[in-house]
Amino acid sequence: MLTKQLHLAESQMRKMQSVLTKAEEGLKTKDQEIGRLKRKIKEWETKYKNQELLRKKEQRSQANNSEYFYQRCLTLEHKISEMEKFLADYGLIWVGDPKNATNADGGNNNYIDICYKQLVANIDQLNLAAGKGEVHIHHNEKGGGATFKVIF
């Protein structure tokens with residue numbers, strides 16, 4: 001009877017050893033998986049830190065860029081103001097690019113026509129001041145006669 005009990009205990013011991021071996025193998029596999037996941041977490045944390053540093057650097061860069069563009073805008077506005085003052089000194093105004101500029105009523109042609117008519121009127125005034133339409137006496141080359149000549 002003792003041998004039978006020893007045999008039964010030995011059989012149970014082998015089963016338990018087999019179960020223990022399988023459990024140890026499972027634990028080793030799980031330990032390896034845990035190690036792999038820990039390495040992956042560290043990689044992700046490193047990537048996150050790098051992305052955060054890059055994002056902060058971009059924010060600083062954008063802040064610097066926006067400050068630069070703001071200052072550039074102010075400078076250009078000042079230059080435009082100075083140019084408009086210069087034109088005003090000579091009685092001129094900037095009308096802009098006809099492709100991009102429109103006046104308040106949605107069209108640009110009426111304004112251009114008015115400016116063109118004013119330009120033609122100014123040219124006529126200058127021509128009159130320079131003597132256009134005046135009649136002058138023109139002597140012949142031989143000195144024997146004279147004719148009237150109109151300046152155009």
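Trainee: Is Arg55 buried, partly exposed or exposed?

Mentor: Buried means under 20% relative accessible area, exposed means over 50%, and partly exposed lies in between, with a 1.4 Å probe and protein chains only. Arg55 has 36% relative accessibility, so Arg55 counts as partly exposed. Please note that this is a predicted model, in which local features need pLDDT of at least 70 and side-chain atom pairs count only at pLDDT 80 or more, while totals for chains, interfaces and linings use all residues. Residues are numbered from 1 along each chain as its sequence is written, and side-chain values use heavy atoms, with hydrogens and water left out.

Trainee: With which residue does the side chain of Arg55 meet in a salt bridge?

Mentor: Side chains of opposite charge can pair when their charged atoms come close. The term salt bridge requires a side-chain nitrogen of Lys or Arg within 4 Å of a carboxyl oxygen of Asp or Glu. Arg55 meets Glu52 in this way, at 2.7 Å from N to O. Glu52 is partly exposed, with a relative accessible area of 21%.

Trainee: How many salt bridges does a search of the whole structure find?

Mentor: The search finds four. Among them is the pair Arg14 and Glu10, at 2.2 Å from N to O. Another joins Glu82 to Lys85, whose closest N and O atoms are 3.8 Å apart.

Trainee: How are Glu82 and Lys85 placed in helix α1?

Mentor: An α-helix has 3.6 residues a turn, so residues three or four places apart point the same way. Glu82 and Lys85 are three residues apart in helix α1, about one helical turn. Arg14 and Glu10 are four residues apart in helix α1, which also separates them by about one helical turn. Helices here are DSSP runs (H or I, at least four residues), numbered from the N terminus.

Trainee: Which residues form a nonpolar patch on the surface?

Mentor: Such a patch joins nonpolar side chains (Val, Leu, Ile, Met, Phe, Trp, Tyr) within 5 Å, from residues with over 30% relative accessible area and no salt bridge. Tyr116, Leu119, Val120 and Ile123 form one, with about 370 Å² of accessible area together, computed by the Shrake-Rupley method with a 1.4 Å probe. Ile123 lies in helix α2 (residues 109-130).

Key: Patch = residues over 30% accessible without salt bridge, like charges linked within 9 Å, V, L, I, M, F, W, Y side chains within 5 Å. Helix = DSSP H or I, 4+ residues; strand = E, 2+ residues; numbered from the N terminus.
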